[in-house]
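Today I'm going through the pockets of this protein. My notes are below, in the order I looked things up.

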Amino acid sequence: MTIDSLLDHVQAAPARLGKTRLISIDGPAGSGKSTLADRFAARAEARGVHTRVLHMDDLYDGWDGAVRGFALLRDHVLTRLADGREGRYRRYDWAAGAYAELHLVPATVELLIVEGVTSCDRDADTWQSLKIWIETTNEIRLDRGIERDGEALRDHWLEWMRWERDHFASENTRTRANLTVDGNPTLPHDPALELITKSVNLPHDSAAS
């Protein structure tokens, strides 16, 4: 499936977040959410679509703060955009262990891409134009995490993996997604333009179907 066909699907439907269309990319840590969000943003911007990417890592209140991070997204970004106001949030500084500078999300943004664990929680359903779940094996995810964050954070990663497993089960996140993407595909494809999907649940009249 191409990224462009999914953007066709999103743009063909009415905006559900004020004047903004929302794509949420969820899935276990290390599965490839940030990379996928950047690829969607690149294709959208190539169309001239005013796009913003928001990373849930910037909202979490540390390793134990994912639930609070989603609440901040819902209450200070999504709810405000839905009301025609600019969204706003403070970026969490992981080194300092505290929230830092203020970021604004203009109400004029045409496409908002939110990536990260909790981004597809049920409380955001009413605003989402597309819900994507991306996954790969636990071994690959952990290897990616340790490579990025260092061996000293292995225990944090293992605890996070246990927490997110329970959270996804509670939210039924994977089943509610519009499509499931392979985060470590072996089939030949152009990663800048194409996705390897495991399942698709889009409306039958969708341009991407």
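Which element gives the largest share of the lining of the largest pocket? I found that α2 does, with five residues.

Before going on, I noted that this is a predicted model, where local features need pLDDT of at least 70 and side-chain atom pairs count only at pLDDT 80 or more, while totals for chains, interfaces and linings use all residues. Residues are numbered from 1 along each chain as its sequence is written, and side-chain values use heavy atoms, with hydrogens and water left out.

I wrote down what a pocket is: on a 1 Å grid over the protein atoms alone, an open set of points where a 1.4 Å probe fits, with protein on both sides within 12 Å along at least five of seven lines; lining residues have an atom within 4 Å of a point.

Largest pocket: I got a volume of about 770 Å³. Of its 35 lining residues, A29, G30, K33, S34 and R148 are the closest to the centre. Two or more lining residues each come from α2 (33-46), α4 (138-149), α5 (154-171) and β7 (179-182). Helices here are DSSP runs (H or I, at least four residues), and so are strands (E, at least two), numbered from the N terminus. I sorted the lining into 16 nonpolar, nine polar and 10 charged residues.

Second largest pocket: this one holds about 190 Å³ of space. Its lining includes P28, W133, R141 and F168. I saw β6 (128-135), α4 and α5 each give two or more residues, and α5 has the largest share, four.

Notes
Points joined across faces, edges and corners; volume = space filled by probe spheres on them. Nonpolar A, V, L, I, M, F, W, Y, C, P; charged D, E, K, R; others polar.
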